[in-house]
Amino acid sequence: MEYRLKTFVIIGGGASGVLVAAPLLSHPSTEKVTVIERGEAVGAGVAYGTENPGHLLNVAAAGMSAFPDKPQHFFEWLAGQKNWMPEGGWTPGTFVPRRLYRDYIASLLSPHMLDDRQGRLAVISDEAVDIVEWATGVVVTTKSGGRFEADAAILATGNEGPVLPPAPWRHDFWSTRSRFDIPRDAPVVIVGTGLSMIDSVVSLLDAGHVGSITAISRRGLLPQPHGPYKAVRFEVAEIPFGSTLSRLLHWLRGRIADNDGDWRGVVDGLRPFTQRLWQSFPLAEKRRFLRHARPWWDVHRHRMAPQVRARIDAAVASGQLTVTSGRLAGVDQTDSGARISFVPRGSSVVETIPVQHMIECRGHNADLSTTRSPLLQNLLSRGAIRPDALRLGVDVAPGCAVIDAQGKTSERIFAVGPITTGAFWEIVAVPDIRQQAKALAAELAHS
């Protein structure tokens, strides 16, 4: 670039937005950061918006610092949270309530709000609806008519829930944040068996639910729990970059066998290389991974706290929770609710389940072209951004600059976090986002 970027507008005040705002503000060359957040509070987003103390982080406290070069930052912050401190105190292995982590994320901006005589930080409660890029900067407009000019804009909009028609019997995990108005004795069917389902079951149990809960997914896989493991350290030369999916799986099984069957140590040892590994895959192999291997990768890579898994196991053992595998064939509304049709795994016979309450937990919207975000809709329709080749998010260059419909890389619009999943794959958890955010902030602040 022949010019310096000094002012920034960040769209989204969840974890992704704050994790890039904080390092930007730490650079003296940054003159102004404006964060536009449509939700109730900075730091919340979908992941941390819950109020339920039973919803725990999926990574222990020792791994959740916002800053890769300050690994103890979150744990040191925890030491001051006396009202939340569990019996025996905090430990690096504590799985902290996500509600508390929201406070931590928000606290990253607090010093800049309290001591901001130069007005370097502004947090705007509004919804961004468009970004126009000019040769000299960008203009971000909001739903209320606000207009914010800056040198660059950063999309940090996070995950978006699936597109579903509203119905009185359907409860959308993404919009309710697992707060459900369901009678305690009502039978409930949950579609999906991932971490969203786990949160939903915890919410029901914490509300005293005594009715049956049936969780259905195509393979019936549950997220694995965290546990002790034998750490594995890989060298770059060992990793089969650019290989086929079948070769990679063969290599993984061999490394797990070499590690006495301890898959946790192998999966965690691979983490420093997963983004590069993903980017080295041919497009056909990426599609093959999404179609065939993703469910198994997700349940081993994105684990749950051991105490949460214990609650799920107890609900299964008591007969209250049933986890089944099958292909959802349809959902039809009835006079009393709905009727779910599904084909059990290994069968060709369609079965039906009458339901009065169904919780939708099938994951985030997997196709950017169907986004409900007015901002992304406008940018797509104008060709200012384009979906990545897998349509998982926004297409971006290696440095996180968005790519438009003509294949041109923007010099002033960037993206971070889950919206860049297609390019980086492993970019939905804080330990990955913080690396991306730090690198982007350093590049922008020194440009």
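What follows is a working chat about the predicted model shown above.

Colleague: What should I know before I start?
Modeller: This is a predicted model, where local features need pLDDT of at least 70 and side-chain atom pairs count only at pLDDT 80 or more, while totals for chains, interfaces and linings use all residues. Residues are numbered from 1 along each chain as its sequence is written, and side-chain values use heavy atoms, with hydrogens and water left out.

Colleague: Start with the sheets. In what order do the strands of the six-strand sheet run?
Modeller: The order is β3-β2-β1-β7-β16-β15. The sheet is open and its pairing is mixed. Strands here are DSSP runs of E, at least two residues, and helices are runs of H or I, at least four residues, numbered from the N terminus. Two strands pair if DSSP finds at least two bridges between them.

Colleague: Which strands stand at the edges?
Modeller: β3 (121-125) and β15. Each has a single partner strand, so one side of each is left without a neighbour in the sheet.

Colleague: How much are neighbouring strands turned against each other?
Modeller: By 35° on average, direction ignored. The axes are lines fitted to C-alpha atoms, for helices over the stretch in contact, and angles run from 0 to 180 degrees between N-to-C directions.

Colleague: How many bridges join β1 to β7?
Modeller: Four, between residues 7-11 and residues 152-155, and the two strands run parallel. Ile11 has Leu155 as its bridge partner in β7.

Colleague: And the three-strand sheet, what is its pairing?
Modeller: Antiparallel, in the order β4-β5-β6, and the sheet is open. β4 (128-134) and β6 (147-150) are the edge strands. The twist averages 20° from one strand to the next. β5 (residues 137-142) is joined to β6 by four bridges. Opposite Val139 stands Glu149 in β6.

Colleague: Now β9. Which way do its side chains point?
Modeller: Val188 and Ile190 point one way, Val189 and Val191 the other, and all are buried. Buried means under 20% relative accessible area, exposed over 50%, partly exposed in between (1.4 Å probe, protein chains only).

Colleague: What does β9 pair with?
Modeller: Strand β14 (residues 357-360) runs parallel to β9 and is joined to it by four bridges. Val188 is bridged to His357 there. Strand β10 (residues 213-217) also pairs with β9 in the parallel sense, over four bridges. Val189 stands opposite Thr214 in β10.

Colleague: Switching to helices. Why is α4 largely enclosed?
Modeller: Eight of its ten residues (98-107) are buried, so the rest of the structure largely encloses α4. Among the buried ones are Arg98, Arg99 and Arg102, along with Tyr101 and Tyr104.

Colleague: Arg309 next. Is it buried or exposed?
Modeller: Buried, at a relative accessible area of 17%. Arg309 sits in helix α12 (residues 306-318).

Colleague: Last topic. How many residues line the second largest pocket?
Modeller: There are 21, and Leu249, Leu252, Phe289, Ala293 and Trp297 lie nearest its centre. Elements giving two or more lining residues are α8 (245-258), α9 (263-270), α10 (274-280) and α11 (283-301). A pocket, on a 1 Å grid over the protein atoms alone, is an open set of points where a 1.4 Å probe fits, with protein on both sides within 12 Å along at least five of seven lines; lining residues have an atom within 4 Å of a point.
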